[in-house]
Amino acid sequence: MATMAECRSALDRLSDNLAGADGDVRGAAALDRSLSCHVRDLDITFSGRLTDGRIEVMDTADGPPREKAEIRLAMNGDDLVAMVDGELNFAKAWGTGRVRVEAGFRDLLRLRALL
């Protein structure tokens, strides 16, 4: 099971990947939205913003998200680390329920390039 530090590191690596992306991925990452990532097996939530093509984690709290972010992710820590490392395909994980994404319809359309 991934630790809290490994999950935080994975989010930092994801942010670096988004910042270095170009084309459609860079355009999708240019959103300015609140973001939460609930790591179910650790029962912690990372909260922050997706802005300027980066993920800025501002808070970590026990339990599910306290406030409803504009983009909400939920998954186990191992799946988060595996996706960022390129070992787990997001579409497959989402299709099987291992990853949950909630966002407004327009945001989902823009985010599909990221996912």
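Methionine 75 is in contact (heavy atoms within 4.5 Å) with Cys37, His38, Val39, Arg40, Leu80, Met83, Arg98 and Val99, leaving aside residues up to four places away in sequence. The model is predicted, and local features need pLDDT of at least 70, side-chain atom pairs pLDDT 80 or more, while totals for chains, interfaces and linings use all residues. Residues are numbered from 1 along each chain as its sequence is written, and side-chain values use heavy atoms, without hydrogens and water.

Met75 also belongs to the largest nonpolar core, which has 29 residues; Phe46, Leu50, Ile71, Met75, Leu80 and Val99 have the most contacts inside it. Such a core is a set of buried Ala, Val, Leu, Ile, Met, Phe, Trp, Tyr and Cys residues joined through side-chain atoms within 4.5 Å, where buried means under 20% relative accessible area with a 1.4 Å probe, protein chains only. Two or more residues of this core come from each of α1 (4-19), β1 (33-39), β2 (44-51), β3 (54-62), β4 (71-75), α3 (77-84), α4 (90-95) and β5 (99-103). The largest share, five residues, is that of α3.

Five helices and five strands occur in the protein chain; these are DSSP runs, of H or I over at least four residues for helices and of E over at least two for strands, numbered from the N terminus. Their order from the N terminus is α-α-β-β-β-β-α-α-β-α. The C-alpha atoms fill a box of roughly 35 × 30 × 25 Å along the principal axes. Of the 115 residues in the protein chain, 41% are buried. Among contacts between residues at least 6 apart in sequence, 61% join residues at least 24 apart.

Conventions. Buried means under 20% relative accessible area, exposed over 50%, partly exposed in between (1.4 Å probe, protein chains only).
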